[in-house]
Amino acid sequence: MRSFARAIVFLLSAAVTGCIVATGHTGPWHCETAADCESGEKCQGSSGYGVCAPADACTYDGDCDNGRVCIDTHCKHPECTSSDTSACGSYACNVSTYTCYRSCSQPFECAPTFACGASSCQPAKCTGTAFDCKSYTYASDCTSAQGCSWSSAPPCHGGSACPTLGTPLACAAQTGCSWALPCSGTPVKCDTLPDDAACSAAQGCHWGS
């Protein structure tokens, strides 16, 4: 009688195991190739020592394809990368999360031609005592040059009070002020020209970025 009971238990265990294999595995399922996994899964890990995982699962960027990267253990298309920051505008790409910065507190959080001011990345220019400071249009070039410094250029220009106005609306409401990027160029006098017309007429100067 005891032998018969053991046989029944063995048969039931085999039946349950067969059902799990037939209908899908639970928990980590070791594999050598994707053929060992269910449809829609892949064999992730070292050759011969992998586990079946969802097709979009990842540990490293190398686990992903089609331009995707590993974000929170899933292969996703990034907002930006270190080589493609086109979606970020005036901000830099946070390469640890593959997303654009939305505000700034440090210079590296801004795009190369912008500077961090009032928690936002603003148009910037290179200034200083050296004659060629104004020729630098990237922060890295400017800050590495002796006698030059990189700083945000207030986009509201005109009278003495204009640079303190931080929004296009406030700037436009102030008589004599206009919201635009400053005049820049290689001649030292470029940044002293007050408007687009005077800037465009001066040789070597240009208005805007």
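Let us begin with the disulfide between C58 and C70, whose torsion about the S-S bond is about 90°, so this disulfide is right-handed. The model on the screen is a predicted one. In it, the sulfur atoms of C58 and C70 are separated by 2.1 Å. C58 lies in the loop between strand 3 and strand 4 (69-71), while C70 lies in strand 4, so the pair ties together parts that are twelve residues apart in sequence. Both C58 and C70 are buried.

For those new to the subject, a disulfide is a covalent bond between the sulfur atoms of two cysteines. How many disulfides does the count come to here? The count comes to ten disulfides. I shall describe two others.

One of them joins C80 to C93, with an S to S distance of 2.1 Å. The link of C80 and C93 has 85° about the S-S bond and is right-handed. C80 sits in the loop between strand 5 (74-76) and strand 6 (93-94), and C93 in strand 6, so that distant parts of the chain, 13 residues apart, are linked. C80 and C93 are both buried.

Another disulfide joins C110 to C121, again at 2.1 Å from S to S. Is the disulfide of C110 and C121 left-handed or right-handed? The torsion about its S-S bond is about -90°, so it is left-handed. C110 belongs to the loop between strand 7 (99-100) and strand 8 (114-117), and C121 to strand 9; the pair therefore ties together parts that are eleven residues apart in sequence. C110 has a relative accessibility of 6% and counts as buried, and C121 is buried at 9%.

We turn now to the nonpolar cores. The largest nonpolar core has eight residues: A115, A124, C126, C133, C142, A145, C148 and W150. Strand 9 (120-128) and strand 10 (148-152) are the elements that give two or more residues to this core. There is also a second, separate core of six residues, and among them are A92, C104, C110 and C121.

Next, the sheet. In general, strands of a sheet pair through backbone hydrogen bonds, either parallel or antiparallel. Here three strands form an open sheet in the order 1-3-2, with antiparallel pairing. Strand 1 (30-31) and strand 2 are the edge strands, each pairing on one side only. Strand 2 and strand 3 (residues 50-54) pair over four bridges, and E41 stands opposite P54 in strand 3.

Q44 lies in strand 2 (residues 41-44). Is Q44 buried or exposed? Its relative accessible area is 16%, under the 20% limit, so Q44 is buried. The side chain of Q44 makes a polar contact with the side chain of T59 at 3.1 Å. Beyond four places in sequence, the residues that Q44 touches include C31, G50, V51 and C58.

The structure also holds one aromatic pair. Y101 and F108 form this pair, which is edge-to-face, with 6.3 Å from centre to centre and 70° between the planes. Y101 counts as buried at 18% relative accessibility, whereas F108 counts as exposed at 55%.

Finally, consider G176, in the loop between helix 3 (168-173) and strand 12 (178-179). G176 counts as exposed, at 57% relative accessibility. Which residues is G176 in contact with, leaving aside its neighbours within four places in sequence? They are H157, G158, G159 and C162. The C-alpha atoms of G176 and H157 are separated by 8.3 Å, although the two residues are 19 residues apart along the chain.

Key: Residues are numbered from 1 along each chain as its sequence is written. This is a predicted model: local features need pLDDT of at least 70, side-chain atom pairs count only at pLDDT 80 or more; totals for chains, interfaces and linings use all residues. Side-chain values use heavy atoms; hydrogens and water are left out. Rings of Phe, Tyr and Trp (its six-membered ring) pair if their centres lie within 6.5 Å; planes under 30 degrees apart count as stacked, over 60 as edge-to-face and the rest as tilted. Buried means under 20% relative accessible area, exposed over 50%, partly exposed in between (1.4 Å probe, protein chains only). A polar contact is a pair of N or O atoms within 3.5 Å; within protein, one must be able to donate a hydrogen and the other to accept it, and residues adjacent in sequence count only if both atoms are side-chain atoms. Contact means heavy atoms within 4.5 Å. Two strands pair if DSSP finds at least two bridges between them. A nonpolar core is a set of buried Ala, Val, Leu, Ile, Met, Phe, Trp, Tyr and Cys residues joined through side-chain atoms within 4.5 Å. A disulfide is a pair of cysteine sulfur atoms within 2.5 Å.
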